[in-house]
Amino acid sequence: MNTHTTDSHDGLRDDLALISNWITPGARVLDLGCGDGALLAHLQAHKQVSGYGLEIDADNVIECVAAGVNVLQLDLDAGLEQFEDNSFDFVVMSSALQEVRRPDELVDEMLRIGRDSIVTFPNFGHWKPRVSLGLRGLMPVSGSLPNRWYDTPNIHLCTVRDFETLCRQKQVDIVRRHVVNHAHRSNIGMRTFPNLLGEIALYQLRHHATA
Amino acid sequence: MATHADFPGSVGLVEPHTLHVEGPMPLDCGKKLSQFELVYETYGTLNADASNAVLICHALSGNHHAAGYHDDTDPKPGWWDKCIGPGKMIDTDRFFVVCPANLGGYNGSTGPHSAHPETGRHYGPDFPVVTVGDWVRSQDILRDALGIEQWCAVIGGSLGGMQVMQWSIDFPDRLRHAVVIAAAPKLSAQNIAFNEIARQAIVTDPEFHGGRYYEHNVVPRRGLMLARMLGHITYLSDEAMRAKFGRDLRDGRISYGFDVEFQVESYLRYQGASFVDRFDANTYLLMTKALDYFDPAHAHGGDLARAFEPVTARFMVISFTSDWRFAPARSREIVDALVDAGKQVSYAEVTSDLGHDDFLLTMPHYVNTLRAYLNRAAVEIGA
């Protein structure tokens, strides 16, 4: 399932570098929750990609503008109905799925707007959160889940199995899956037991091809 | 002689220039101006390849005097002095800033108060109704006269933002960047309704004399004052008025009469009265009509994205959360159409308190966003 081709990623955050590898040159990209615009800036510089980032935080918006990235200061929870069907090659949402009000509806919207969607999220099924909750009886705090229960923006945490169940229900094709640890490295263990050993999950999704 | 150093952070003393244009210039209404004058100011220095020019388009009550002072005793600088100057948001150390007064205005470019070339009398009501498109065409004549191939950016707030959109559609090759602040792609019925009340206040003033009040040596004072008072309410948010005036009484007690009692009444009367001294009633009528008529999507069956098809400029669109005259949703209509048309656009929604007039001020998020945007624009052209 994994691709092992890599491009040059001078200083790009590891998870964004992984996403960048999946995006085809010249694509039109919509990046939901684009932060400081690092992914789009990289894709513009190295893959002739065009597109827009959506971001709610004012300081991040300024960073995007300074980086020459098209950024739209919008709230993902307000919906994406202004974007037309199939108007982008890729719709990306990195580490924001668990922060939105209705992740299932947002995934629907991503699939509607983009030919391909790329979603990443922290895997709550990883053994560390399981140990923390199951044995110690405490909400997990870790590298990929750094916040405490009362100040976390994560309101819809899920596991790899949860997410794939949702994809099955929605009849979504999982084009690729990649699970990595907090340092964004993968190994055979994670590939064999993704829900137990993967800390961060990356998915490329597509509407189920109807015959 | 006062110098730049006497006005720290300001462009200092400035003087207006005049461009005489021999027409005829055809207008959207079908009439022609046989000749006209455009009055404008410039700040900063045009670079060798004339690539660092920025055009400022003014709003309803603006004019060519956007920054600096006209003389040492000037109590107030130009209308956008907070944002235009050395090191400011629109940095005159890097850009050559040009601000013309629009046709139909007062105390500037040719307008109803000017002398009609044939009769020698004031145009008055005979001054043709001008549109945003007419303004942009006249500004393009100024561009050419100044030897500028392409504006680095065209910037405007409110009605000024509408001119920016028109520029990007009518003269796509003549601007690199379009900065649209606190604007709308067209007026709503509510917006037009407010304008109509303002116009009715003016034309029903007994001193209006069908627009020929100059010849009677009067001004429709009450009408223009009411128009401005009404307008001012729409420029401020409910929250801002609450914070500024609340229900404070001017004399501390209710007098059971109809004279000024609440502070907000006093404020509005002051705003209205001082406006009469610096503005012209016929100009007010023309400016509100230009607002009402602006609708670039109209020629494309209401499809704004299609209207934006010729656009090559990159857009920065900014709105303010407390603005209810042109609320953020109106700016998002512009943004959505640009996205649909596949154009380059960024959008910032600035959290604010004051209302529509926030675009004249310097909230950090607003200033830093536009500064970052214009910095890139300057770097692109090596300024």
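## Basis of the model

The model is predicted; local features require pLDDT of at least 70 and side-chain atom pairs count only at pLDDT 80 or more, whereas totals for chains, interfaces and linings use all residues. Residues are numbered from 1 along each chain as its sequence is written, and chains are lettered from A and ligands numbered from 1 in the order in which they are written.

## Overall form of chain B

Chain B contains ten helices and ten strands; these are DSSP runs numbered from the N terminus, with helices (H or I) of at least four residues and strands (E) of at least two. Its radius of gyration is 21 Å, close to the 21 Å that the globule rule gives for 383 residues, so chain B is as compact as a globular protein of that length. The radius is taken over C-alpha atoms, and the rule is 2.2 Å times the number of residues to the power 0.38. Along the principal axes, the C-alpha atoms of chain B fill a box of roughly 65 × 55 × 50 Å.

Of the 383 residues of chain B, 49% are buried (20 or more other C-beta atoms within 10 Å of the residue's own, with C-beta atoms placed from the backbone). Among contacts in chain B with a separation of 6 or more, 70% join residues 24 or more positions apart; a contact requires C-beta atoms, placed from the backbone, to lie within 7 Å.

## Domains of chain B

The domain assignment divides chain B into domain 1 (4–186 + 297–380) and domain 2 (192–288), with bounds from an automatic or database assignment. The contact between them takes 22 residues from domain 1 and 16 residues from domain 2. The domain 1 side comprises nine nonpolar, ten polar and three charged residues. Here Ala, Val, Leu, Ile, Met, Phe, Trp, Tyr, Cys and Pro count as nonpolar, Asp, Glu, Lys and Arg as charged, and the others, Gly among them, as polar. Over C-alpha atoms, the centres of the two domains are 26 Å apart.

## Helix H7 of chain B

Helix H7 (residues 281–293) of chain B is mostly covered, with ten of its 13 residues buried. Among them are B:Tyr284, B:Leu285 and B:Met287. The buried residues of H7(B) pack against helices H1 (132–145), H2 (159–170), H3 (189–203) and H4 (221–235) of chain B.

## Contact between chains A and B

The contact takes 13 residues from chain A and 16 residues from chain B. On the chain A side, H3(A) gives the most, with five residues. By class, this side has eight nonpolar, four polar and one charged residues.

Definitions and conventions. A residue is buried if 20 or more other C-beta atoms lie within 10 Å of its own, exposed if 12 or fewer, and partly exposed in between; C-beta atoms are placed from the backbone. Two residues are in contact if their C-beta atoms, placed from the backbone, lie within 7 Å.
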